[in-house]
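Here are a few notes to read alongside the model. Have a look at it first, then go through the points in order.

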Amino acid sequence: MSDIGDWFRSIPAITRYWFAATVAVPLVGKLGLISPAYFVLWPEAFLYRFQIWRPITATFFFPVGPGTGFLYLVNLYFLYQYSTRLETGAFDGRPADYLFMLLFNWACIVITGLAMDMQLLMIPLIMSVLYVWAQLNRDMIVSFWFGTRFKACYLPWVILGFNYIIGGSVINELIGNLVGHLYFFLMFRYPMDLGGRNFLSTPQFLYRWLPSRRGGVSGFGVPPASMRRAADQNGGGGRHNWGQGFRLGDQ
């Protein structure tokens with residue numbers, strides 16, 4: 001048990017709480033301590049009965065059973081792997097920025113869920129994080145099942161097809177990919193590569209709550225001119241080295 005505890009404490013803080021909630025809430029529903037009907041996102045109950053907890057619980061709940069257990073475990077693995085890699089990679093030392101990304105993606109997914117009557121939001125949020133990681137490491141070669149190898153930028157779409165095979169639907173994965181693309185475009189691609197304005201900015205209260213741990217740098221935005229010149233001299237053609245990549249399944 002001490003080994004499990006050490007492993008759990010080694011997970012970065014935001015990912016650790018997200019992972020724990022994604023284990024605990026389905027377990028509570030599975031054990032019947034609280035009816036799973038209170039965990040899912042029902043627009044009528046949320047909008048007209050003021051059951052305001054539903055967008056939160058729907059983010060962590062998944063109906064685990066004989067037909068869904070494998071899909072749940074696979075996506076729990078994706079949550080652990082790619083949230084950890086983002087939090088300790090591109091967002092290392094910037095917990096406020098990482099939490100803001102999760103909140104932005106979550107808000108977009110909740111709005112979409114209410115509009116499309118989506119009751120479960122766990123997979124879309126996980127896929128949105130995986131999509132951001134894949135774009136930040138888009139040229140990294142990753143390995144998937146049966147020895148298949150491809151660039152990381154294709155990983156969200158490969159997983160979309162994989163989840164369709166084992167789960168029979170692509171709506172959740174597609175919504176997650178689209179939301180992840182929206183965040184990546186507004187936060188990175190548009191202001192940094194295309195020279196546009198910053199539409200997204202981490203609120204200051206998040207920095208006060210979760211201060212950055214390195215050099216007083218907070219948030220993301222247009223890189224300094226010196227960095228742009230360096231990128232141009234390296235032949236990047238407007239592309240930036242977003243960070244170190246990983247192979248699927250690496251520890």
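**Notes on the model**

1. Helices are DSSP runs (H or I, at least four residues) numbered from the N terminus.

2. Who touches whom? H1 brings Trp7, Phe8 and Arg9, while H2 brings Arg16, Phe19 and Ala20; contact means heavy atoms within 4.5 Å.

3. This is a predicted model, with pLDDT of at least 70 needed for local features and 80 or more for side-chain atom pairs, while totals for chains, interfaces and linings use all residues. Numbering runs from 1 along each chain as its sequence is written, and side-chain values use heavy atoms, leaving out hydrogens and water.

4. On confidence, the chain's mean pLDDT (the predictor's confidence in each residue, from 0 to 100) is 84, and 84% of residues reach 70 or more. Helix H4 (residues 54-60) is highest at 97, and helix H11 (residues 225-233) lowest at a mean of 38. Residues 215-251 fall below 50, though the stretch has 69 contacts in the model beyond near neighbours in sequence.

5. Back in H2, take a look at threonine 22. Is threonine 22 buried or exposed? Its relative accessible area is 0%, so threonine 22 is buried (under 20%; exposed is over 50%, partly exposed in between, with a 1.4 Å probe and protein chains only). Leaving aside neighbours within four places in sequence, threonine 22 contacts Phe60, Tyr72, Leu76, Leu79 and Met122.

Notes: Helices (H or I, at least four residues) and strands (E, at least two) are DSSP runs, numbered from the N terminus.
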